[in-house]
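Please look through the following structure with this briefing at hand.

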Amino acid sequence: MPIPPGPFTGRTLARLAKDLRERRTTSTDLTEQALGAATALDPGLNAFVTVDGTGALEAAKAADAELAAGLDRGPLHGVPVGVKDLIEVAGLPATMGSRHFAGYVPSRDAACVARLREAGAVIVGKTTTHEFAYGPTGDRSANGASRNPHDPSRMSGGSSGGSGAAVGAGLVPLALGTDTGGSVRIPAALCGVAGFKPAYDAIPADGVFPLSRSLDHVGVLAGDPESCLIAYRALTGAGAPAPVEAARVAWLDASDLFEGDPEVVAAVRAAAGELPEVRLPDGFAEEVLRTYRAIQSCEAVAVHADRMETAPELFGEEVLERLRGAAQVPGWSYVRALESRERLAAVADGLFARHDVLALPTAAVTAPLIDEREVTPAGRPVPVGVALLSLTCPWNVLGLPALTVPAGTVAGLPVGLQLLCRPGDEPLLFATASRLPA
């Protein structure tokens, strides 16, 4: 059975900001709603690993006082927010989803959290992450699996699974996540919300525990794409975009990357509308996936090598097995992957020669069952991680802005439409999303 809708279901950041300024609500009211929803609904979701009721209410009262005094920090001022447990928040535990960090409490905020506070946001708590963010399923964490609000027997997606579940269930209107190969977009798509991975380093990753430093992106999840844009602008200081003409949009046939569930692909393509079609250049799919795996593997092992040697028993079995497999990737393949990355960027630029935005599915399957490790989307068994990651990870290799928006349902489960653009064309990306059928 689906989780009952929480208090922020269907409430956009723009509407919440308007209500706050027109005194139809207060930050304290909103924060109490979020905390109440976490108490009532989160036991069925495991979206939060830590809830900071005392700190959140103190911050909400301070936000109310500032707004009453005429100090307006912007559209996030007074809004409750969840933060992925990979991202440090001063005074709150940061477990990284692992027993290795049991009891760890950072003394400083990550740079993105400091920007949230400067924008007046109220941090409600920390959301569940797949252990060390090393997995797209969201069901391998020291505090247990985060669950899909549309069907708690199914995955939320990962690794920002708690953020996806919290926003998807309406516990909070906004959450921070990280995305190394799809970890914002996958849970957003599987949980029926919007998620935005900006261009590489657009939101600083200082104070965010790394998975793969050259692929890691900080991103945002919200109920709708406009709310993602509002959060992105607040976190980057980007000015209000000037009006733009309709973007030139094309459908990217991504079957070379992964042959997905035909029903999912058809539903997403229908949501995108009538579009011209482009194909990936010959050999691009194989090279970009190989490049992603080599870079992520070598960089992840560099982060965890000491822990693997001194305390392997503290890892979950699946993540340790992945890390040991990654340790077998030779160093020369990493060097070649970095060289390949430059070639791929030039090739990918050609995809945008006649189009501003490319559209494709976010994940070419619906949410698998918790603990499921093999799916058969096109009549052949494939690892669940491959099915979830293959359509998102190439754009981390290339550092491209990527937005996922809800695109309906298949068999009652949400699916997502992914939109890509070149860095600098984000206004066209969000303008495209705003013109999609509701």
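On a 1 Å grid over the protein atoms alone, a cavity is a set of points where a 1.4 Å probe fits but cannot get out, a pocket is an open set with protein on both sides within 12 Å along at least five of seven lines, and lining residues have an atom within 4 Å of a point. This is a predicted model, in which local features need pLDDT of at least 70 and side-chain atom pairs count only at pLDDT 80 or more, while totals for chains, interfaces and linings use all residues. Residues are numbered from 1 along each chain as its sequence is written, and side-chain values use heavy atoms, with hydrogens and water left out.

**Cavity**
- The search of the whole structure finds one cavity of 30 Å³ or more, and the largest cavity holds about 60 Å³ of space, a volume being the space filled by probe spheres set on grid points that are joined across faces, edges and corners.
- Among the residues lining the largest cavity are Ala133, Tyr134, Thr180, Tyr292, Arg322 and Leu389.
- Six nonpolar, five polar and one charged residues make up this lining, where Ala, Val, Leu, Ile, Met, Phe, Trp, Tyr, Cys and Pro count as nonpolar, Asp, Glu, Lys and Arg as charged, and the others, Gly among them, as polar.

**Largest pocket**
- The largest pocket has about 530 Å³ of space, and of its 21 lining residues Arg322, Pro383, Gly385, Val386 and Leu389 lie nearest its centre.
- Two or more residues of that lining come from each of α9 (284–310), α10 (317–326) and α12 (384–389), helices (H or I, at least four residues) and strands (E, at least two) being DSSP runs numbered from the N terminus.
- Helix α9 gives the most to the lining of the largest pocket, with five residues.

**Sheet**
- Eleven strands form an open sheet of mixed pairing, in the order β1-β3-β2-β6-β8-β7-β14-β15-β11-β9-β10, and two strands pair if DSSP finds at least two bridges between them.
- Strands β1 (48–51) and β10 (277–279) stand at the edges with a single partner strand each, so one side of each is left without a neighbour in the sheet.
- Strand β9 (residues 249–253) pairs with β10 in the parallel sense over three bridges.

**Salt bridges**
- The structure holds 22 salt bridges, each a side-chain nitrogen of Lys or Arg within 4 Å of a carboxyl oxygen of Asp or Glu.
- In one of them aspartate 85 pairs with lysine 126, with the closest N and O atoms 2.9 Å apart.
- Aspartate 85 lies in the loop between β2 (80–84) and α4 (111–118) and lysine 126 in strand β3 (residues 122–127), so the pair ties together parts that are 41 residues apart in sequence.
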